[in-house]
Amino acid sequence: MDDKRTVDLVLEGGGVKGIALVGAATALVENGYTFARIGGSSAGAMVGAIMAAMQHANEPFSRVDDIMRTIDYMSFLDRRPGARFLKWSTRAADLWGVLFHLGAHPGKQLDQWVRGVLKDLGVSTFGDLVFPDPGSSLPDGDSYRLVVTATDLSRQRAMFLPWDLRAHGRDPDEYPVARAVRASAAIPFLFEPVKVNSQFGKLTLADGSMLRSYPIEIFDRTDGLPSRWPTLGVRLSSPAGERAKATPVTSPISLMENLIKTTVDSTQVRHVSDPSSLDRSIFAKPKGVRWTDFDLTPDQRTSLFEAGHRAATKWIAKNPSGPVGSHQTIK
């Protein structure tokens, strides 16, 4: 793998705005980039899983866009059987789900959709995405084409799947990729968290974006050896500024959304604002779409894709030699 345009790709979380990640990745592929490994959180985990499975199946990259454009996001907002008694009020059904299941929606449709797409591409467990790589600084048995983040609420820490499963007495190769994606995308209060049996007890996993929305450092080497290829990341947000416009918090829903966003931003600002992280980041910030707008129109889907494609194209024009800098200590 000596092509100068080989990179490890990291994809930020961002709900339905993840279609912009596909646009950015498409622009990179069109300009000769290939991806050794992919890391992601939430929407980035979903897009990354499909991309990794495409590579596994040697399918043309264009199929990723085809798949993402046909997602019925509204179907992900499924209901439990008991919610039929609350059809008179969706808010009552949501509250019932949060109170008794920790999430308004069970997330089964999301899990089944991802599982079905991956199965069609020959991927079920992380064992299907093993990446033979003797030159890595990773421990033996930890080299995979995909790594996704989750938040372990039961132990208050970030979790990297499949890497951290072995420490919990689980075989990473046997763990379903779709289940890891489902955990990474479990937006608090919206989707029920994912439970994982561990030697430390039952883990409760939720949205990876809470602690590692943009894990740009995930593939950085730890042994001090020079890089073999760099990491390149795609963000769905822009660098925070002191002049950012204030957004009034006027309802319980906006309070919940802003609490989550504040938590996410506070955990990201230290490492993603570092110059070395900025240098290897593409900022594909879509406008006019919120991360929870599950009822996307065809025009909005196209707009999201084009925003990502445009941002990556501009980055490539500005950086014709690819990511550069001393920070390229990559696994």
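These are my notebook entries on a predicted model of one protein chain.

**Entry 1: the whole chain**

I started with the overall make-up. The chain has 331 residues, and 52% of them are buried. I found 10 helices and 10 strands in its secondary structure. Next I looked up the surface: the chain exposes about 15400 Å², and carbon and sulfur atoms supply 54% of that area. Then I checked how far along the sequence the contacts reach. Taking contacts between residues at least 6 apart in sequence, 77% join residues at least 24 apart.

**Entry 2: empty space inside**

Rolling a probe the size of a water molecule over the atoms shows where empty space is left. How many cavities of 30 Å³ or more did I get? The count came to one. I noted a volume of about 170 Å³ for the largest cavity.

Who lines it? I listed 16 lining residues for the largest cavity, and Gly15, Val16, Met46, Tyr73 and Ala185 lie nearest its centre. By type, the lining divides into 13 nonpolar residues, three polar and no charged. Which element gives the most to this lining? That is helix α2, residues 43–57, with three residues.

I went on to the strands. Strand β1, residues 6–11, runs parallel to β2, and five bridges join the two. One pairing I wrote down is Leu11 with its bridge partner Gly40 in β2. Strand β2 is mostly covered, since seven of its eight residues are buried.

Then I followed the chain on from there. Ser42 sits in the loop between β2 (34–41) and α2. Is Ser42 buried or exposed? Its relative accessibility is 5%, so Ser42 counts as buried.

**Entry 3: the other end of α2**

Past the helix I found another positive phi. Asn58 is in the loop between α2 and α3 (62–69), and its phi is about 55 degrees although it is not a glycine. Buried or exposed, this time for Asn58? Asn58 has a relative accessible area of 68%, so it is exposed.

I also looked up Met54, which belongs to helix α2. Met54 has a relative accessible area of 1%, so it is buried. What does Met54 touch, leaving out residues up to four places away in sequence? I got Glu59, Pro60, Arg63, Val64, Ile67 and Leu121.

Leu138 was next on my list. It lies in the loop between α5 (108–120) and β4 (146–152). With a relative accessible area of 12%, Leu138 is buried. Where does the fold bring it? Leu138 and Phe219 are 81 residues apart in sequence and 9.1 Å apart in space, C-alpha to C-alpha.

Strands β4 and β5 pair in the antiparallel sense over five bridges. They form a hairpin with four residues between them. In that turn, Gln156 has a positive phi of about 55 degrees. Across the pair, Val148 stands opposite Leu161 in β5.

A cis peptide bond joins Leu161 and Pro162, with omega at about 15 degrees. I flagged it because most peptide bonds are trans. Where is Pro162? I found Pro162 in the loop between β5 (157–161) and α6 (177–184).

**Entry 4: helix α6**

Helix α6 is largely enclosed by the rest of the structure, because seven of its eight residues are buried. The buried ones are Val177, Ala178, Ala180, Val181, Arg182, Ala183 and Ser184.

Conventions
Residues are numbered from 1 along each chain as its sequence is written. This is a predicted model: local features need pLDDT of at least 70, side-chain atom pairs count only at pLDDT 80 or more; totals for chains, interfaces and linings use all residues. Side-chain values use heavy atoms; hydrogens and water are left out. On a 1 Å grid over the protein atoms alone, a cavity is a set of points where a 1.4 Å probe fits but cannot get out, and a pocket is an open set with protein on both sides within 12 Å along at least five of seven lines; lining residues have an atom within 4 Å of a point. Grid points are joined across faces, edges and corners, and a volume is the space filled by probe spheres set on the points. Ala, Val, Leu, Ile, Met, Phe, Trp, Tyr, Cys and Pro count as nonpolar, Asp, Glu, Lys and Arg as charged, and the others, Gly among them, as polar. Buried means under 20% relative accessible area, exposed over 50%, partly exposed in between (1.4 Å probe, protein chains only). Contact means heavy atoms within 4.5 Å. Accessible areas come from the Shrake-Rupley method with a 1.4 Å probe; for residues, only the protein chains shown count as cover. Two strands pair if DSSP finds at least two bridges between them.
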